[in-house]
Amino acid sequence: MLTFLSTRYFRALIAILVSIAVSMASFSCGKPLIQSVSNSQSFDIKDLKPDSLVLESVQVDTLAVDSSYVLPREAQLAEIIKQDSTNTILFDIEASKQDVLVEKREFVIDTISAASVIMQQKTELLDEMTEIESNDSLDLKIIEINPDSLIDEGVYQSDTLVMDSVFSPQQESQLDEIVEYNSGDSLRFDIKNHKVYLFKSGVIDYGNINLVGDYMEIDFNTNELFSKGVEDEDGKIIGTPVFKEDERSFESKQLRYNFDTKKGLIFGMKTEEGEGFILGEKIKKMPDDIIYLDGGQYTTCDLPEPHFSFRFKKSKIIPGGMIITGPVNFQIEGVPTPLVLPFGLFPGKSGQTSGILMPTYGSSTNQGYYLMNGGYYWALSDYFDLSLRGSIYTRGSWSLNPNFRYTKKYQYSGSFDFKYAINILGTEGSPDYSRTRDFRIQWSHNQDAKARPNSKFSGNVNIVTSSFNQYETQNTFENKLSNTFQSSINYSTNFNKKWFLNVNLGHRQNTLNKTFELTLPELSLTGTQIYPFRKKGKVGNLKWYDNISLKYSMTARNSALMPDSVFLQPEMQNYFKNGIKHTIPISSTIKLLKYLTWTNSASYTERWYSQTVQKYYEIESIDDNGNVSGSVNIDTIGGFKAARDYSLSSSINTRIYGMYRFGDNSPIRAIRHVLTPSVSFSYRPDFGEDKYGYYEEYYDEARERFVQYSIFEGAIYGGPSRGESGSLNLNVTNNFEMKVRDRNDTLTGTRKVVLIDNLTLSTNYNIAKDSLRWAPLILSARTKLFKNLDLRYSSAFDPYILDSAGTSNLNQFEWTVNKRILRLKNASWNLGINLSLKNDSFKKKDKTLDGDNNKGAKTGSKDAAQQPIMPWSININYTFQYISNHSYLNYVLDKDQKIVQTLGFNGNIQLTPNWKVSVRSGYDFQNKQISYTSLDVYRDMHCWEMRFNWIPLGTWKSWNFGINIKASVLKDLKYEKKKSHLEN
């Protein structure tokens with residue numbers, strides 16, 4: 001009986017191993033399905049029979065059985081029992097005719113064939129197994145074996161598993177790739193039904209499919225996957241499955257997926273599509289990745305219970321395309337709204353998507369009801385797009401606004417925006433009726449610095465009509481108050497780093513005086529500085545002529561200054577003027593007596609023009625008394641003409657330092673004075689002489705005298721100056737600094753304080769004049785106090801007396817007549833304060849945290865803990881200017897004093913993490929009224945946002961209230977209510 005039982009037990013063990021191998025082979029069609037198993041896994045085989053033998057904790061690294069292995073006795077097996085593994089893998093075998101092969105790491109079963117199992121001595125199995133070295137143990141627990149299901153014989157080999165004819169054939173799997181799976185808690189194998197169960201943090205990977213969840217089933221008969229969440233101790237569903245295929249991810253309550261058909265059935269799904277989320281009650285996934293929903297909603301809110309959604313009964317999701325629904329209802333906090341649409345189209349991918357741009361509706365007192373900024377957006381490609389918006393008003397106003405954007409990575413990017421509008425205010429025939437035609441052209445182009453290192457092209461064009469901003473309701477603060485606009489299109493390059501070329505197209509306009517200046521183009525070419533007398537590579541002491549240098553530069557310009565009414569009109573070409581200017585400066589620097597720097601320079605300038613002017617006086621009428629009246633006529637004479645001039649200059653300057661020390665015990669350690677005197681002389685001949693031919697004259701019949709004029713009058717670069725000049729210039733600059741004791745400076749113990757940053761006295765003496773040779777003395781100074789207060793002073797003192805009318809000087813010194821050296825002509829004081837305050841402006845700095853790189857983590861945690869509850873900041877700008885002009889009438893002093901003040905401030909405060917308030921205002925002291933004032937309130941409502949802007953007074957008096965969805969895909973879903981400044 002014992003021999004019989006031992007034989008039965010041995011056959012049971014062999015049957016188990018062979019059955020496992022057969023099952024694994026049938027699952028994978030010759031490919032391994034189990035790729036990896038955690039260290040020290042435990043295999044449990046259940047369904048005990050009363051007469052079965054229980055084998056526990058047989059630890060082996062690799063279980064290899066051949067024809068020489070026999071089953072040991074029960075007592076012998078008990079001696080090698082080891083401790084159970086922490087992780088458990090369960091195998092259930094019910095009346096199975098299959099043999100199972102289990103390996104700790106990875107194994108391959110190549111073929112399965114039928115054969116008989118050769119019985120060998122029972123003791124050899126135990127001897128062979130004890131010789132196996134085990135790094136990681138595999139715990140095999142044979143809980144229960146049905147002896148009736150075991151076969152008598154079989155043969156097992158490491159590469160080939162042979163079965164006899166009693167095993168039923170297995171169905172081939174249709175899986176194309178390896179299924180990899182593991183579990184954080186346990187794995188359970190149902191061998192009979194070809195199923196695997198994963199518990200707690202299970203992960204399954206099959207090709208591009210990944211599934212994570214706390215409970216999963218794999219059925220290898222049908223190649224289906226099932227997963228759902230489980231309840232925790234509190235009854236809450238946790239570990240819900242997250243299914244990911246390629247870039248698409250589904251979070252659901254329960255799902256079922258077939259590997260062969262690639263179809264899936266999902267319940268309680270949430271997935272991200274573009275910038276939004278799709279929530280569905282029942283979802284069917286098709287093999288072509290098209291998804292059908294039964295009972296769903298679309299939202300851009302990421303909460304489990306979204307703040308808003310579009311609910312629908314049926315929907316179809318096209319991957320990378322659109323989300324198409326049946327009748328849709330817009331709901332807020334689950335409450336239906338009256339907004340019901342017969343169907344819905346939502347973008348199914350992020351980025352560029354063509355579609356309709358929803359307009360804003362409302363009413364205006366002067367323009368009527370309107371639909372504003374509606375249109376269509378074309379996503380033409382990944383490199384450029386186009387939007388076309390328009391507005392229409394019931395009283396006739398309308399506008400059209402195309403916008404084109406383009407970009408090429410690492411090359412360039414830009415946009416072109418054009419807006420044309422017909423603005424009509426009031427009713428035709430009424431006194432307040434007006435009709436204007438306005439437009440705006442904006443173009444910007446930016447080149448990546450790495451695209452072409454030796455050249456650069458950029459553009460910034462901003463052209464508007466004078467009344468455009470008056471009707472533009474969406475202007476920023478800066479645009480509302482701006483009356484000057486300018487543009488620039490620039491290209492620059494260099495030739496071998498020696499010649500630099502710059503080409504510029506530009507415009508400048510003023511909407512107050514309605515002038516328009518256009519430059520088409522302006523070109524400049526500049527060479528590097530060269531030393532013609534210095535030998536290449538010369539080292540050591542340089543001779544005086546080695547420092548002689550020269551440089552060449554050329555500029556050419558074609559521009560026009562015109563009224564803005566003629567812009568883009570045929571007569572615009574009559575305003576253009578052009579010219580070319582060449583400049584060659586020559587200079588040399590010499591050191592004198594080690595402390596003096598002597599600089600000599602000469603400059604030659606030549607201008608080329610294609611036309612000159614000629615003036616003459618034309619008599620129009622002569623009255624009875626012989627009085628002549630007429631006008632000066634100007635004719636344009638075509639032909640090339642060059643204007644040449646030159647000048648010479650020489651200067652000597654040095655720097656003198658003075659220091660007064662107070663001692664180490666004094667709060668003031670020292671005061672330093674830096675004195676920089678300079679003397680220079682410049683000379684320019686009189687180019688008004690007849691030999692140059694630059695000046696002509698005509699006889700003014702009305703004033704009965706000859707008038708001299710320049711033939712280059714009005715030319716773009718002007719012409720040579722008339723009158724000889726030989727000027728001796730004197731200039732003295734002073735800087736005063738103070739060094740004071742500073743206990744906070746642990747390195748030097750002192751800090752520097754600037755007393756006067758620049759105190760300058762300058763005048764000149766013109767030796768070429770026959771009288772009034774001394775120019776007024778100019779005194780200027782500036783300093784900065786407390787880092788925020790800037791103080792400037794300037795004044796002019798005249799050495800000559802005035803005539804009785806007080807309009808011109810007489811050639812007599814003030815000292816000779818009035819016994820004073822100088823007479824004050826004018827003086828001005830300028831005071832500027834710029835303060836920036838915030839929460840920590842009045843807190844003492846924590847020195848223990850300064851410069852300590854080893855306490856970065858502590859510093860960060862401390863800063864995080866000290867974040868202000870209500871962050872705020874305020875900027876204050878104040879300027880004060882006092883101007884005093886001294887004039888004399890009949891030698892009596894008359895002071896014309898004027899005070900100019902400006903005050904402006906802006907600030908913001910974050911009342912809560914979601915509420916923010918900003919205010920901007922100021923005071924106009926001249927008109928004694930509050931300047932431009934605005935109040936902005938912002939509310940963050942998670943997936944929504946609210947804005948309120950109020951300008952309570954002035955020209956731009958208006959208010960605007962709006963609530964909109966944050967996501968750009970639904971940015972046109974908003975509510976706006978406003979009152980325009982045009983309704984005042």
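## Surface and overall make-up

Accessible areas come from the Shrake-Rupley method with a 1.4 Å probe, and for residues only the protein chains shown count as cover. For this protein chain, the accessible surface comes to about 56,600 Å², and 53% of that belongs to carbon and sulfur atoms. The structure is a predicted model, in which local features need pLDDT of at least 70 and side-chain atom pairs count only at pLDDT 80 or more, while totals for chains, interfaces and linings use all residues. Residues are numbered from 1 along each chain as its sequence is written, and side-chain values use heavy atoms, with hydrogens and water left out.

The chain contains seven helices and 60 strands; helices (H or I, at least four residues) and strands (E, at least two) are DSSP runs, numbered from the N terminus. Of its 984 residues, 35% count as buried. Buried means under 20% relative accessible area, exposed means over 50%, and partly exposed lies in between (1.4 Å probe, protein chains only).

## How confident is the model?

The predictor's confidence in each residue is called pLDDT and runs from 0 to 100. The protein chain has a mean pLDDT of 77, with 77% of its residues at 70 or more. Over residues 1–173 the pLDDT is below 50, and beyond near neighbours in sequence this stretch has 350 contacts in the model (heavy atoms within 4.5 Å). Residues 847–865 also have pLDDT below 50, with five contacts in the model beyond near neighbours in sequence.

## Two nonpolar cores

A nonpolar core is a set of buried Ala, Val, Leu, Ile, Met, Phe, Trp, Tyr and Cys residues joined through side-chain atoms within 4.5 Å. In soluble globular proteins, nonpolar side chains tend to be buried together. Here, the largest core has 41 residues, and Y181, I204, I218 and F308 have the most contacts inside it. A second, separate core of 13 residues includes Y609, A643, F687 and Y698.

Let's look at I218. Leaving aside its neighbours within four places in sequence, I218 is in contact with residues including V179, Y181, I204 and L225.

## A strand with two faces

In a regular strand the side chains alternate between the two faces of the sheet.

Which strands pair with strand 16? Pairing requires that DSSP finds at least two bridges between two strands. Strand 15 (residues 242–245) runs antiparallel to strand 16 and is joined to it by four bridges, with K244 opposite S249. These two strands form a hairpin with two residues between them, and D246 in the turn has a positive phi of about 55°. Strand 18 (residues 264–273) is also antiparallel to strand 16, through two bridges, and there E251 stands opposite K270.

## Two buried polar residues

R440 lies in strand 32 (residues 434–447) and is buried, because its relative accessible area is 12%. Its side chain makes a polar contact of 2.8 Å with the side chain of D417. A polar contact is a pair of N or O atoms within 3.5 Å; within protein, one must be able to donate a hydrogen and the other to accept it, and residues adjacent in sequence count only if both atoms are side-chain atoms.

S467 sits in the loop between strand 33 (455–464) and helix 4 (468–471). S467 counts as buried because its relative accessibility is 17%. The side chains of S467 and D438 are joined by a polar contact of 2.4 Å.
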